[in-house]
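Here is a friendly briefing to read alongside the chain and its fold. Please keep the viewer open as you go through the topics.

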Amino acid sequence: MTPATGRPDDNGRGPDLTPETTARDASPAAGATGTGGASVAENRAAPLLRLSGIVKTFPGVRALDGVDLTVLPGEVHCLLGQNGAGKSTLIKVLSGAHQPDEGSIEWLGEPVRFTKPTAALRAGLATIYQELDLVDDLTVAENVFLGHEPRRLGFSSRGVARRRARELLARLGHGEIPVGREVGRLPAAGKQIVSMARALSHDARLIIMDEPSAVLAHDEVENLFRVIRDLTSAGVAVIYISHRLAEIRDIGDRVTILKDGRTVAVNLPARTTPTAEVVRLMTGRNVEYVFPARRGDRADAPSAAPGDTAPASGDSTGAREDASAERGDTAAARDAAATRDGTAATPRVETAAVRAGVVRGPEAAAPLLRVTGLGRPGEFEGISFSVRAGEIVGLAGLVGAGRSEILEAVYGARKSATGTVEVDGKTLRRGSVQAAVAAGMGLAPEERKSQALLLGEPVYRNVALASLRRFSRLGFLRRGLERAEVSAVTSSLDLRPADPRRVMRTLSGGNQQKAVVSRWLLGRTRLLLLDEPTRGVDIGARAELYALIRSLADQGVGVLMVSSEVPEVLGLADRVLVVREGHVVHEAPASELTEAQVLDLVMAGERVTTGR
């Protein structure tokens, strides 16, 4: 067994830490330095938080199975693991939402038991959840101080709340957010900032951040890191959870990895531990991202892994290397990874196009979707593009550039003021979701939990939601037929657990996303709109979703996707539209773009006339 410092052993395999090698036994790497500049080794005598042997069991599930974690003052401690590894349950134990069945928690050297979230907040431990817990009908200031409103003479002082809220937002670099505006009117990125301001309002000594950058643009992530560095320099500790491993290297000090509810590695140096080692510990695989080969790139042999072998001839493979190089990706073709890991190959899903026998290469097909001159005041204007059957078109740009709004207008969820949307040459009625669905269009929205799923209902009801008419007879639903057809489509996507009666909220993020896609496959969708399809999804499930999207395109489904991760757009899409401030400023095959070029375009690009 290797030392608890988490350094790779002599044979290069990396740490082989078992759950018995715990945080309380291990010491930090010698000389490791916290984000705030203080030596982590100097602080280890007085940990801020120590968890020992935490166990949490739910009916039929042992979510945590002896987890250990030690957090030091002024450090950024990164907690990694796949969806379902136990991170969310651990957060709820720390925040007082769940009580551990076994184990102990020490806070500032004293044993504690947080019986409710307010107790943790009063102690100085604040949590920013991935699914934001804001009240849409309250103002920004009211949300920031909800439950601990500033008071004067026994009465709430709105003036003081607004002033202090402005100060907190300015500290976060977002003083432009109006403190009197209702939170429900803010974009997703704005809501994230308000949630962070709420955590800071409690004068916390430890802040848990669960996927804080998931809805932030590139420049906003840099601002987030600036805020974190300011906090840690003042002695505040941060537990940082993210599926973006490049962020861990940028901001983290030490890393703890969970797998199947257990601690499998502790004290890994965040900046120097190889990505491949982190991925192996999390998943048992050796790759972070796996982009399936495009139709035109394929040969009998799997495509090369960027950085592993020389690229095959052709621009697309080289461009894929360029797009992933800055992220440190070591992706191999999914089929090759599946062969090594013993997992299933790319799923085969029978689509409407396959049943009709009309699958063709996208270059030969007439446009399935044509958007001409689409505009909506204050959001976007002059948007024109097309999507062919079997083609994946990606929209790249910063958060707030209008990408999601364009997607929703195409789907009819937002009524455009100008322009037309045509499917198979037929113009759809503006602002009509019903017309879009009838034309064979489906949308997987950015906020899947609040906009796409009924979390308290079983999987089969969520998947069948858009196809209920198929299962009704004389006004009654045929539940047996409904469950049978749902089981068939979810099995084809390898949705886990394979129980259509399972309540939706108990599924991991990746499997919830598969359920949304299953809904539209059941409805024989020909055009799939995906808004941030891998947001909050772990590495293993992300690779599966990539393979699923490419498989659908190969079988004739047109795909229009939005992603804030430029390497994801370049690695998955056939063609890319770069959106800046509500305009398409550039359009090109993904093989002709690099990440640096796209970022340059979205931040300072010249507008280019496009639309084909």
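## A proline and its loop

P497 sits in the loop that runs between α17 (479–492) and α18 (509–522); helices (H or I, at least four residues) and strands (E, at least two) are DSSP runs, numbered from the N terminus. The peptide bond joining R496 and P497 is cis, with omega at about -5 degrees. This is a predicted model, in which local features need pLDDT of at least 70 and side-chain atom pairs count only at pLDDT 80 or more, while totals for chains, interfaces and linings use all residues. Residues are numbered from 1 along each chain as its sequence is written, and side-chain values use heavy atoms, with hydrogens and water left out.

**The chain as a whole**

- The protein chain holds 21 helices and 24 strands.
- Of its 612 residues, 57% count as buried, where buried means under 20% relative accessible area, exposed means over 50% and partly exposed is in between (1.4 Å probe, protein chains only).
- Among contacts (heavy atoms within 4.5 Å) between residues at least 6 apart in sequence, 68% join residues at least 24 apart.
- The chain exposes about 25,000 Å², and carbon and sulfur atoms supply 49% of that area; accessible areas come from the Shrake-Rupley method with a 1.4 Å probe, and for residues only the protein chains shown count as cover.

**Helix α6**

- Helix α6 covers residues 188–200, and its 13 residues should span 18 Å at 1.5 Å a residue, which agrees with the 19 Å between its end C-alpha atoms; the expected span is 1.5 Å times one less than the number of residues.
- Most of α6 is covered, with 12 of its 13 residues buried.
- Among the buried residues of α6 are A188, G190, I193, V194, M196 and L200.
- The cover over the buried residues of α6 includes β6 (125–128), α4 (140–144), α5 (158–171), β9 (206–210) and α7 (218–233).

**N143, a residue of α4**

- N143 is placed in helix α4 and counts as buried because its relative accessibility is 0%.
- Not counting residues up to four places away in sequence, N143 touches L134, V135, L138, V183, V194 and R198.
- V194 and R198 are also among the buried residues of α6.
- N143 and V179 are 36 residues apart along the chain, and their C-alpha atoms are separated by 9.5 Å.

**The second largest pocket**

- The second largest pocket has a volume of about 1,100 Å³.
- Of the 43 residues lining this pocket, the closest to its centre are L186, P187, A188, A189 and K191.
- On a 1 Å grid over the protein atoms alone, a pocket is an open set of points with protein on both sides within 12 Å along at least five of seven lines, a cavity is a set of points where a 1.4 Å probe fits but cannot get out, and lining residues have an atom within 4 Å of a point.
- Grid points are joined across faces, edges and corners, and a volume is the space filled by probe spheres set on the points.
- α6 gives the most to the lining of the second largest pocket, with 6 residues, and α6, α13 and α15 (448–451) each supply at least two.

**Cavities**

- Residues lining the largest cavity include L80, L245, I248, R249 and V278.
- α8 (245–251) gives the most to the lining of the largest cavity, with 3 residues.

**Loop residues**

- S416 lies in the loop between α13 (403–411) and β16 (418–423), and counts as buried because its relative accessibility is 6%.
- Leaving aside neighbours within four places in sequence, S416 is in contact with L374, G375 and R430.
- E211 is not a glycine, yet has a positive phi of about 50 degrees; E211 is in the loop between β9 and α7 and is buried, with a relative accessible area of 5%.
- D260, also not a glycine, has a positive phi of about 55 degrees; D260 lies in the loop between β11 (254–259) and β12 (262–269) and counts as exposed at 55% relative accessibility.
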